[in-house]
Amino acid sequence: MTLPSRIMVKLSLAYLLMGASMGVMLLLNKAFNFYAPLWAVLPVHIEFMLIGWVVQLTLGVAYWILPRYFGKQGRGNPILAYAMIGVLNTGIIVVSLSQLDVLPSAGSWMGRCLEMGGVILFVFLHWKRIVTYNK
Amino acid sequence: MPLITRLFLKTGLIFFVVSLLLGIIQQIDALTVAALVPLFWHMLMVGWITQVIIGVSLWMFPGRIKDEKFHNQRWAWITYFLLNIGLILRVVSEPMLEVSGAWGWKITLAISAVLQFMALLSYIREIWPRIMSKKQRIKKKRAKRKS
């Protein structure tokens with residue numbers, strides 16, 4: 001498994017762990033109602049589980065497993081792959097901090113733009129790799 | 001495809017169908033059930049998507065031991081049972097808690113939360129060491145042969 005994929009898969013597992021920790025606390029809070037403000041982390045739980053875990057793992061595995069280019073090009077420009085990881089994860093963190101009111105609400109919009117930037121980089125890196133070599 | 005992967009995928013498919021049934025029930029006013037929205041989303045995202053991801057990754061990630069002895073796959077089996085028992089307990093206890101609010105349902109819901117969390121810990125324990133490059137895999141194999 002290539003390094004950008006390993007980074008993405010490990011990050012996705014970290015998000016799974018953090019998102020699930022929030023989930024278990026929310027469910028315990030639902031059962032025993034010990035701290036009502038805890039519900040404020042619900043959007044972050046959703047963000048971590050959906051974008052941090054499911055989307056990031058899918059992108060990381062796709063980067064590893066889709067057909068490579070012939071010759072030395074391999075999986076394309078690795079700098080773009082690292083940029084994709086950086087932009088996507090900055091987006092997740094900015095959206096989450098904004099949902100927790102640590103950042104102003106405009107942060108949510110900016111974070112979504114960063115996430116979209118990560119996905120656009122993913123599309124750019126993979127568009128030509130979605131091919132068949134059987135004719 | 002190993003047995004544990006087939007089980008994850010088939011159980012995931014069952015949750016997929018049931019979650020979509022809940023989605024239909026959600027649209028019918030006469031059939032309203034308590035706590036339907038979180039149940040729909042968790043059966044879809046945990047029961048289906050997460051379970052399929054876990055099943056396929058156990059099969060396709062590097063470093064799988066092809067001998068399917070329980071000992072070789074114990075973390076995967078623990079994940080399977082804890083995740084599914086936890087999710088089923090949630091499906092039963094969450095609507096019942098909204099209807100009756102009895103302590104028994106509160107405790108069942110709490111147990112379901114802990115079981116699902118432990119399942120995910122167990123999955124991470126299994127899959128984390130398998131996230132490795134080709135070089136690392138070869139090195140690990142050589143070290144194993146030597147020992």
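Buried means under 20% relative accessible area, exposed over 50%, and partly exposed in between, with a 1.4 Å probe and protein chains only. This is a predicted model, in which local features need pLDDT of at least 70, side-chain atom pairs count only at pLDDT 80 or more, and totals for chains, interfaces and linings use all residues. Residues are numbered from 1 along each chain as its sequence is written, chains are lettered from A, and side-chain values use heavy atoms, leaving out hydrogens and water.

**Exercise 1.** Classify the two partners of the salt bridge between Asp67(B) and Lys69(B).

*Solution.* Start with the criterion: a side-chain nitrogen of Lys or Arg within 4 Å of a carboxyl oxygen of Asp or Glu. Here the closest N and O atoms are 3.6 Å apart. Next, take the accessibilities: Lys69(B) has 52%, so Lys69(B) counts as exposed. Asp67(B), at 37%, is partly exposed.

**Exercise 2.** Find where Glu115(A) and Arg112(A) lie, and compare their burial classes.

*Solution.* First, both residues belong to helix α4 (residues 106-126) of chain A, three residues apart, about one turn of the helix. Helices here are DSSP runs (H or I, at least four residues), numbered from the N terminus. Finally, Glu115(A) is buried at 7% relative accessibility, whereas Arg112(A) is partly exposed at 37%.

**Exercise 3.** Which chains does the salt bridge of Lys30(A) and Glu98(B) join?

*Solution.* The closest N and O atoms of this pair are 3.7 Å apart. Lys30(A) sits in helix α1 (residues 3-32) of chain A and Glu98(B) in helix α3 of chain B, so the bridge joins two chains. Lys30(A) is partly exposed at 25%, and Glu98(B) is partly exposed at 47%.
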